[in-house]
Amino acid sequence: MPVNHIHFLPIVTEKEMFSCLVGMFVLFCSSIADENSVRDADIFPSSPEIERGSTLKLFCVLGKHYTPHRNASHIIWKLNHELIAQENYNIVNETVSSITIHNFTYSKAHVKCFTKYLGKEQLLVHTEVKSGFPPDTPGNISCTYYFDAELNCTWTSGRETNLMTNYTLYRKMMTLPNIVGSCQSKTESCSFYYPNTPFSSAFCFQVKAENVLGEASSDCVPIPMEKIEKFEPPEILSVKKITGIKQLLTVTWKMPEKIIPSQGSTCQVQYRNLYSNSSEFVNVSLNSQEKTGSCNLTGLWDSTEYFVAIRCISDQSVLWSEWSRGKTASTEEKAPSEKVDLWSVIESSHSAGSRSVHLMWKPLNSFPPSGRILGYKIQYFPENNAAFKMANISADRKIILCLNEEAYIISITAYNSAGNSPEAILRIPSTDEKTSQIIETVRTFRTNEEVVVEWTASEPEVTKYVVEWYEEMETDPFGRSWQYVSNSTRWKTNRKNFKPFICYNISVYPVYGNKVAAPYSIQAYIQEKKPSEGPVADTGIPGKNEVTIKWKEISKDKRNGFITNYTIFYKPEDGKELNETVNSDVLQYRLKSLQANTQYTVYIMASNEAGGTNGEPKTFKTLKFNKEDVLFIALPIGLSMLFLLGLWITCILKKHTFKKVCWPDIPNPAESIAVEWPLDASMGAPSEAKTIDFEDISVLEHCFPEESQEGSLLMNCENHVSECTDINTKGTINGDKKILYNKENEVAKCLSPSMPYIITDQDIRSQMPSALTPPKEIQPVEMLEDDLCESQQSAIKNEENDNEVLKLDDFSEKTLFNPYLKNSVKTREFLISENLPEHSKTEPKSQSTVLPPFQQNISGQSYVTLDMFGLASAH
């Protein structure tokens, strides 16, 4: 800092002199500012540094820009963001205002000068003020000398000044004080570099500290340079074993080149094996002429790797060199002294006569180890045939053997360059071999740092066991872990060997020599948390008041613990939520007493010891009717439909019968081929034949009265039938033919004189004996007027009995009234002419004359046929 600034710092104790000097300084600076400064304001002194706790005084000078509208009375001061009280202000003149702050204790603060005009503040200028302390006297000077390279010294500066402090290191000759070397530093160390590093034992060292508040110097401390010499680290050339010599390593190294001449040195060899955290040391002395060193490390472990490092020191110095870069080497090997830990996992047979045996073993657990294992020899043979031995070599610690169903003996040895280890032997049982269950119970529990497995055995003479554990989802047999336990039924291991939230299968196997008995297995979680997801509900088909909820088990990797129960939550729309809890082995549940025709929301929560997790909600709606309701409604309808279907089928199958009963066919004479109907037909002999005159046909209206008279007519007909029957029985003469003829004749007489003929159907006569008269004939008959009714009803009955001979008894007893025949008779009847000769009326059937066929019936002309009357000869 310039000298003129130091003279004007507010640290003067004479108050009047201080005020006078400050006033002169301000007037001088303001005059310079008015003439030369382009700024509108300035502050003096700028960036002051004062002693902490002293008084601070600053001046603010307005520029021409603010005058004449503003003057020093408009200036206000702030410390950081706080307004300084008005009593600390002082108006020097119209353009200069000063501020006085007593007992300034801030280590660093900003003082700001504002102008306040018309209620507005405007920042003019500001400065940073620091407070601190003058430097203390430096002490504890120490130096390090690197021959022909560097001289470095350090010291302590005392309390923190909080101000910029400069240090100067002086190197002086004690015999020639005027010969001084120096170096500058702002920290607590400083160095001289080659070639400004001459060797001498008569140097003293001094440190001077100074800042704006003052300065302080230490005493000149004499330090012989040979005592502060420090070597560069030596370089290790080799660390090696000697063939045939065990437990020994030879170390050689090279000394650094920059060493004070004619001085001996000592080197320290550090070594430790890689299984230990502690080191051992060996010191080796060298004279000034030796540029390399060597030593033998003895009493080491066999087949063990060692780490080696070296450091050196001058015989007159107090400073060791840094440790050299380390090297490693292994001692001479010996044959492995311990057998491997052997275990096996037998897979079930994939094909008849073969099975896969997964063998695995651990590295040797001897300490110290026997060296680097080169490989493993596997030998196996059937238990009953030791001569049939097979061998394999593996560099891995696992192998798969394909064996048959016999029992096998397997042995494994580890080997290195020095020899083989003892054999580890394991027996593989045959496939049909059964072993007893020796272990009765197994339980696990956890502590803060360990997992403990305990078990009980029924045979206390068993003293060796194998504890096997693996993740439940692990499918690779080689992914299993195991450990042998001797003389104990308790095993513990660090919790870090188990993963949290994973289910483990833990098995304990008893071991008899080289035989392994049946295991006892359990499942366990070392730590549980609530399931990662909940079950997915399947509502199925709901009923009216119930529904069956089904769900599947959560996948094993999402359970995070043992599922203890399931809770079914269900809630009707706009109703209260209900729930049911079931055991973990239940995967479906029937919800009952539900409301019909209601929508429900259901979800399932799976719970373990750590908590529960809900599955996704599902909705379902109960039915309005259940199966019983539907059956109650559908059964009557179904039965009705079956009844109608049966009735319809019956009508289809019996349609001809119903037609004959309700709608009988009435033959049309015009379409009949039974006889031919000539306009003129002769009856009897040709000389006596007469033609039939259609003009003689008359309607017998009195035979069929109106509807109201039908009842009385039927009664009269029945009486006539009985009378005719009596007459016909009396006229029976001359055998069967005559009897039959007379019966027919009498029947004809009973009908009516108005009925001219009877047509016998060709189909009916085709069933009669050959003695009958030729088909298609007209039989003149005489019948009573009232007998016609009976004959018509007899024709209906005989229509169902075409193959029987007409008997008068049947005619009278089974006669029915046919309304269709009745109507046709009422309309019109064919009558026999009265002019026919008498003999023709009584002519026997054998003398009947065949008439030619009828011509087509005249349209609109009604007719009567008695097609059901058949004439047959007596047999």
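**Strand pairing and salt bridges**

Biologist: How do strand 12 and strand 13 run, and how many bridges join them?

Modeller: Strand 12 (residues 166-173) and strand 13 run antiparallel, joined by 6 bridges. Two strands pair if DSSP finds at least two bridges between them. Strands are DSSP runs of E, at least two residues, numbered from the N terminus. This is a predicted model: local features need pLDDT of at least 70, side-chain atom pairs count only at pLDDT 80 or more, and totals for chains, interfaces and linings use all residues. Residues are numbered from 1 along each chain as its sequence is written, and side-chain values use heavy atoms, with hydrogens and water left out.

Biologist: What joins strand 12 to strand 13?

Modeller: A hairpin, through 6 residues.

Biologist: And which residue stands opposite Ser182?

Modeller: Tyr170.

Biologist: Which side chains of strand 13 are buried?

Modeller: Gly181, Cys183 and Ser185, which point to one face of strand 13 (residues 180-185). Buried means under 20% relative accessible area, exposed over 50%, partly exposed in between (1.4 Å probe, protein chains only).

Biologist: New topic. How many salt bridges are in the whole structure?

Modeller: A search finds 14. A salt bridge is a side-chain nitrogen of Lys or Arg within 4 Å of a carboxyl oxygen of Asp or Glu.

Biologist: What does Asp136 pair with?

Modeller: Arg159, with the closest N and O atoms 3.9 Å apart. The two are 23 residues apart: Asp136 is in the loop between strand 9 (120-132) and strand 10 (139-146), Arg159 in the loop between strand 11 (150-156) and strand 12. Asp136 is partly exposed at 27% relative accessible area. Arg159 is partly exposed too, at 42%.

Biologist: Which residue meets Glu322?

Modeller: Lys230, at 2.9 Å, N to O. That pair links distant parts of the chain, 92 residues apart. Glu322 is in the loop between strand 23 (305-314) and strand 24 (327-330), and Lys230 in the loop between strand 17 (221-222) and strand 18 (235-240).

Biologist: Is Lys230 buried or exposed?

Modeller: Lys230 counts as buried, at 16% relative accessibility. Glu322 is partly exposed, at 45%.

Biologist: Where do Glu454 and Arg443 lie?

Modeller: Glu454 lies in strand 34 (residues 450-457) and Arg443 in strand 33 (residues 439-446). Their salt bridge has its closest N and O atoms 3.0 Å apart.

Biologist: Which residues form a network?

Modeller: Glu383, Arg427 and Glu433, joined by salt bridges that share partners.

Note on methods: Helices (H or I, at least four residues) and strands (E, at least two) are DSSP runs, numbered from the N terminus.
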